[in-house]
Amino acid sequence: MCQTPEDTNSATAGFSAAAGRPISRQTVSLRLYEGGLFAQRPVVCVPLSLVHVRVRLHWALEHRSWTQEQWDHVLFTDESRFNIQTDSRRAMIWREPWTCYRAPNIVERDHYRGGRLLVWAGIATNGRTDLYVFARSSVTVVRYGDEILHPLVRPFIAAMGTDAIFMVDNARPHRARLVRSYLESETILQMAWPTRSQDLNPIEHVWDMLGRRIAGRNVPPGTLHELQQALLQEWALLSQQAINDSTASVPRRCQACISSRGFHTRY
């Protein structure tokens, strides 16, 4: 359970009113701590409406009986953004207590955050597409078709065989009529995907792995060109077994969605 400072202040006021005398915030915090409640940052998730929840649950129920062999025929795709400097938050350090402000334990970062790059990729059991770095951060329907679908998705899906399924989320360029027409003309089967369901897509863990590799570099990228080169290099070095483990997690993701009745899951 997450206990925020606002919760503590509210509890303090309530206890003081009930007791008829002032009770300090420190006392309330101590009692909450003794009861197993700790002040922690809340998990950040995308907002889900009741419609989103219902569609997510329906999708998970539809696919919970899929075998691993069926999931092996799915190409999971997504875009992600990587920033200069900010990925250093992924790195962990070991330090002694009360030494957080010593020079070796500090990561210096300007507040302007630096530039960022938008990338696209697809993963499947025993394979992955090339990592594509967009020259500009915005993706139009035409760019998506010319730069992603035709040169990257089409040949990869063809190599996967006739049972291959193309998974893509519901971003606006992905669901345009032009895109649907192209997929139909190329006889590429597309998987219906519930909106706002990053937690169901195994590529999200692969993005996290990629970010950690960038953050763990001895010399972090300082320019957009260096970031692009680092992303391409680290993408090629990612363990295929780790990617396979991610795609193998989809049945568990479905079950977690069912257990949460369509609401957020730990993934």
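Begin by selecting Glu147, which lies in helix α5 (residues 141-160); helices here are DSSP runs of H or I with at least four residues, strands are E runs of at least two, and both are numbered from the N terminus. The model is predicted: local features need pLDDT of at least 70 and side-chain atom pairs count only at pLDDT 80 or more, while totals for chains, interfaces and linings use all residues. Residues are numbered from 1 along each chain as its sequence is written, and side-chain values use heavy atoms, leaving out hydrogens and water.

Is Glu147 buried or exposed? Glu147 counts as buried because its relative accessibility is 19%, and buried means under 20% relative accessible area (1.4 Å probe, protein chains only).

Next, display Tyr132. A polar contact of 2.5 Å joins its side chain to that of Glu147; such a contact is a pair of N or O atoms within 3.5 Å, one able to donate a hydrogen and the other to accept it, and residues adjacent in sequence count only if both atoms are side-chain atoms. Leaving aside residues up to four places away in sequence, Glu147 touches Tyr132, Phe134 and Leu152, where contact means heavy atoms within 4.5 Å.

Then move to the largest nonpolar core. Of its 34 residues, Trp59, Trp71, Met191, Trp207, Leu231 and Trp235 touch the most other members. Helix α7 gives the most to this core, with 5 residues. A nonpolar core is a set of buried Ala, Val, Leu, Ile, Met, Phe, Trp, Tyr and Cys residues joined through side-chain atoms within 4.5 Å.

Of its 267 residues, 37% count as buried.

How values were computed
Buried means under 20% relative accessible area, exposed over 50%, partly exposed in between (1.4 Å probe, protein chains only).
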